[in-house]
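Please keep the sequence and the model in view while reading.

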Amino acid sequence: MTLLSKNEIFGVDDRKTEDVPVPEWGGTVRLRGLSGSERDAYEASLQKQVGGKQVQDLRNFRARLVALSAINEDGSPLFDQNEVAALSGRSGAALSRLFDVACRLSGITDEDVTALEGNSEPAQSGPSTSA
C-alpha cells in the first residue's frame with residue numbers, strides 16, 4: 001500500500017453520498033456523510049449542562065443528524081438547524097431509515113448509538129430554545 005502525501009489526502013473527495021427512497025414522503029432524499037468537524041459538533045450537541053452536571057440531550061437526535069446530512073442536488077444543505085423540530089414531527093419510520101444511512105455514511109456505528117442511548121439521563125423538563 002502506498003503512503004499518501006497530505007496533498008493527496010486533502011485532494012480527495014472522501015465524503016460519500018447516497019440517495020435514499022422515502023416512500024412516506026413520495027420521493028428520495030440525498031444524504032452525505034458528515035465531515036470530522038461536523039460529526040464532532042453533532043456529538044457535542046447531544047450534551048448539555050443540567051444542574052452543573054453534563055447529561056445527554058437526546059431530544060430530536062435522529063432529526064438533528066438527518067438535518068445535518070441531507071443535501072440538495074448542488075450539495076448545499078437541504079435543512080437548516082432551525083428546522084430540526086419540524087423535521088422531527090415527520091414519520092418516525094422515514095426518519096429512522098434516513099438516520100441509519102446517515103450513521104453509516106458518517107462512520108457512526110450501532111455500538112456508538114447504543115452507548116449514546118444507554119448512557120442517557122433524563123433532561124430537565126420545561127421549554128427549551130434549542131432544537
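The model is predicted. Its chain contains six helices and five strands, arranged from the N terminus on as α-β-β-α-β-β-α-β-α-α-α. Three of the strands form an open antiparallel sheet in the order β1-β2-β5, while β3 and β4 form a hairpin.

**Overall make-up**

- The chain has 131 residues, of which 28% count as buried.
- Of the contacts between residues at least 6 apart in sequence, 59% join residues at least 24 apart.

- Strands β1 and β2 (residues 27-32) run antiparallel and are joined by six bridges.
- These two strands form a hairpin with four residues between them. Glycine 26, which lies in the turn, has a positive phi of about 75 degrees.
- Valine 22 has glycine 27 of β2 as its bridge partner, and aspartate 19 stands opposite arginine 30 in β2.
- The pairing of β2 with β5 is antiparallel and extends over two bridges.
- Arginine 30 has isoleucine 71 in β5 as a bridge partner.
- Helix α5 (residues 92-106) lies across β1 and β2, and it runs at about 165 degrees to β1.

**The hairpin β3-β4**

- Strand β3 (residues 47-50) and strand β4 (residues 53-56) run antiparallel, with four bridges joining them.
- Two residues lie between these strands in the hairpin, and glycine 51 in the turn has a positive phi of about 60 degrees.
- Lysine 48 is paired with valine 55, its bridge partner in β4.

**The loop residue asparagine 60**

- Asparagine 60 is located in the loop between β4 and α3.
- Its phi is positive, at about 55 degrees, although the residue is not a glycine.
- Asparagine 60 has a relative accessible area of 28%, so it counts as partly exposed.

**The enclosed helix α3**

- Helix α3 (residues 61-69) is largely enclosed by the rest of the structure, because seven of its nine residues are buried.
- The buried residues of α3 are Phe61, Ala63, Arg64, Leu65, Val66, Ala67 and Ser69.

**The nonpolar surface patch**

- Leu4, Ile9 and Phe10 make a nonpolar surface patch of about 370 Å².
- Phenylalanine 10, one of the residues of this patch, is found in helix α1 (residues 6-11).
- The relative accessible area of phenylalanine 10 is 71%; this residue is therefore classed as exposed, the cut-off for that class being over 50%.

Definitions and conventions. Residues are numbered from 1 along each chain as its sequence is written. This is a predicted model: local features need pLDDT of at least 70, side-chain atom pairs count only at pLDDT 80 or more; totals for chains, interfaces and linings use all residues. Side-chain values use heavy atoms; hydrogens and water are left out. Two strands pair if DSSP finds at least two bridges between them. Contact means heavy atoms within 4.5 Å. Axes are lines fitted to C-alpha atoms, for helices over the stretch in contact, and angles run from 0 to 180 degrees between N-to-C directions. Patches are made of residues with over 30% relative accessible area and no salt bridge: like charges are joined within 9 Å, nonpolar side chains (Val, Leu, Ile, Met, Phe, Trp, Tyr) within 5 Å. Accessible areas come from the Shrake-Rupley method with a 1.4 Å probe; for residues, only the protein chains shown count as cover. A salt bridge is a side-chain nitrogen of Lys or Arg within 4 Å of a carboxyl oxygen of Asp or Glu. Buried means under 20% relative accessible area, exposed over 50%, partly exposed in between (1.4 Å probe, protein chains only).
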